[in-house]
Structure formats: C-alpha cells, structure tokens
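Me: I have a structure open on my screen and would like to talk through part of it. Could you take my questions one at a time?

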Amino acid sequence: MRQIIHVDMNAFFASCHQAQNPQWQGKPLLVAGDPQKRHGIILTASYEARKFGVKTAMAVWQAKKLCPQGIYISPDHKLYSAYSKRIMAIMEDYTPLVEPFSIDEAWLDVTGSARLFGTTEEIGRLLQQRILDETGIPCSVGISGNKFLAKMASERQKPQGFTILWPRDVPEVLWPLPVEEMVGVGRKMAPALHEMGIETIGELAAMPLRLLVSRFGVAGESLHHLANGRDDSPVDPTVFDTVKSVGNSLTLPRDINDPEDVARVLLKLSEKVGRRLRQSGNVARTVTLTVKDQNFVSVTRSRTLHEPTGFTDVIYKTAVDIHQKQFEPWRKVRLLGVSVSNLLPADGGVQLSLFGASEERMENLTRVTDRIRDRYGDTVIGRARLCKEKETPPK
C-alpha cells in the first residue's frame, strides 16, 4: 500500500502576513480585496478572525460589523508565491514525489522514504514542525494509503491537525459523515444525492453502482469508488509540466448565429478553460477560437496577447472579439471551441490592462471563486449570465 501525506496550509494568505509581521500573530487578520472599499470581499481570514464569524467571500462591510477590531490588509500574491515555494522545497527534502494541488496544499508519496526518514507518521510530524519552524506557517497533515483519504484526513482537524486515516478506518470514520463533507461532492451535487435518498458517505458507498452511473455517468462511478475509500491515482510531480495548451469545445444542440447566444457559449467555455489554466499553475499568451459551421467546415483563428493572462474575462473577451472580427455574422455555428497556448508559469501576478478592467478586483474575485470551487465543487458558484434558463440556444 502506498504511503501518502497530504499537507494543507491553514488560512494561508493570512498566515503568510502573520509570519512576515510577528506583531500580527494571534490577532484577527483579514486579507481583503480592497480594505478601503465597502464593496470589497474577504479573501482569507485568520483563525482568530473566524471566531467572530468571518468567512471567505464575505463582504468587507459585513466582516467589519462582526470583527471591527480586525486588521484589514490588501493581498500580496508575490509574498504567497514566495512562501509556497519555500514550503514545497521543504517537502521535496523527503521525497521527489510531490504533487502541488494548489498554492497552499500538496500530496507527497513517501512510500520509498522510510529507510531515510522513518515511518510515514514520523515524516508527517517532521514536515509539520519544519514548515512551522522555518516559515512560521501552520499546516494540517493527513496520512493514508491514497490521495483521496489523505486529503479527507487533513480536512478533519484545523488548524495544525494531524490525522491518520487508513482504508480500514473508512466505515467507522467516514461513512457516518454527511455526504456534503466528502471531497468531490459540491453543493449542487449534494441535493441530487439527497433526491436519491443519500444523506451520508456510507449511504453513497452502499448505493448500487449502476444507479449512480445511470444518474451521474462517469462522475457517479468515481464518487462510488471514493466513498468506499478507493483511489488509484498516483502522486504525479510532473502533472503540470507537460501542459502545452488548455481548451474546451462544445457541439451545440442546434445551429446558431445570434451574437448573444454565441457570446454565452463562449463565456461558458472560457470559464472552463480559465479554471483549468489556473489549476495548472500557468498563464497563457495566445487565445484560439475554433468554429465549425453548419456545413461542417472548421476554421481556427488565434490572437497573441500583449501580456500573458490566467483570467476568464480576458480569455472570453478575446474569443468574442475574434469571432466578431474574423467570422461573418450570418454564418451559422454548429461547434465552438476555446483554447489557450504559449503557456508560462504563473508568478503570482498578471497584468490585465488589455481591456481596461480593474486588475485588482478581477484578480481577487477570480482567486476567491477558485478557492470556493476547490472546496465545494465547480458548480457551486457561477456567473449570473450563465444561470439563465437560456444557457443554450432554445429549440
């Protein structure tokens, strides 16, 4: 059985500022998009601030009502990136098999590290203490025989938790939990499971596989395996290294040429592409639009940006502009595709001046929505424009 450790930094953005400024340690600290504006939002709150009821994505004015004595500061993504690199380097002292999941969490496969560093538990405790001692950042550690259970374990205790969850412990520890607490079950998936009479992880594990597959397709099979504590995915340190491009396409239920319909589909595709691009830890220089018309003729057009981007709005506006300038308005569309290429590693900051948008507001909003989706699933939050009933062209 593999020996997997999942390390998750606690209130990472806030913890970075507290580590950088010791006078803030132990005090309620809130990282906000713009502390001076009432319409800003909370990106991260320290655990001292969370005791007052402050939560991620809460409006600043609401947070100030709950925690008026809090320290409100602007984000510093270069600082977070620097701390993340230091922490990942510490992890790599114990194994070359380190797979970052986001800027503040990663899996380690320490199956072959026992002779050098001791048991998996000993390595986990060494990691937790070293990260705290050398960076000042607290973290929670989860240990198991696969990635899913290791992540579920690290979620059990915060801050500075240490949890071991072996597959044999799943019936006793995981199955009684509400199904919403399972990694991979978002707020939109949970009601659908409830409709099937599934309230706990154990009930999901016991549900006949064929019923889950008939209702959710491949996702249903994956959920069934995870609920039973099964996950064969390896820890892959090169998971983002081979990414050359990121793209999504959609074959439409009927041919369209209405500009509003086209724009709505492009927004939906750009959301997916932008999300995957950010998950890969990259930014992109080139946006490509693919159009297949009613005669099954495919045409591809690309545009290279002045500055690399990782944000949905830039990708979307570029795709729309390409369509408007490169494709005849009368041409009916059967398929649309959006992709990005010429990828570069993200370094914590991206210029967004191409369309004159507020760089800080776009960056902060994107990071908050990504963190919410990381925790609760991709469908838990979305743009109002995509929530309309006319999400795809009417028949």
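Predicted model: local features only at pLDDT ≥ 70, side-chain atom pairs only at ≥ 80, totals over all residues.

**A strand and its neighbours**

Me: Thanks! Through how many residues does a hairpin join strand 5 to strand 6?
Reply: Strand 5 (residues 98–102) pairs with strand 6 in the antiparallel sense, over four bridges. Ser-102 has Glu-105 in strand 6 as its bridge partner. The hairpin that joins the two strands runs through two residues.

Me: Which residue in strand 6 does Ile-4 stand opposite?
Reply: Look at strand 1 (residues 4–9), which pairs with strand 6 in the antiparallel sense over five bridges. In strand 6, the residue opposite Ile-4 is Asp-109.

Me: Are the residues of strand 6 buried or exposed?
Reply: Side chains in a regular strand alternate between the two faces of the sheet. Here Glu-105, Trp-107 and Asp-109 point one way, while Ala-106 and Leu-108 point the other way. Five of the five residues of strand 6 (residues 105–109) are buried, so the strand is largely enclosed by the rest of the structure. For both sets of residues, the answer is buried.

Me: Which strands stand at the edges of the sheet?
Reply: The open sheet has five strands with mixed pairing, in the order 5-6-1-7-8. Each edge strand has a single partner strand, so one side of it is left without a neighbour in the sheet; these are strand 5 and strand 8 (162–164).

Me: At about what angle does helix 7 run to strand 7?
Reply: Helix 7 (residues 147–154) lies across strand 1, strand 5, strand 6, strand 7 (139–144) and strand 8. Relative to strand 7, helix 7 runs at about 140°.

Terms used:
Residues numbered from 1 in each chain as written. Heavy atoms only, no water. Buried < 20%, exposed > 50% of the residue type's maximum accessible area, 1.4 Å probe, protein only. Pairing = 2+ DSSP bridges. Contact = heavy atoms within 4.5 Å. Axes fitted to C-alpha atoms, helices over the stretch in contact; angles between N-to-C directions.
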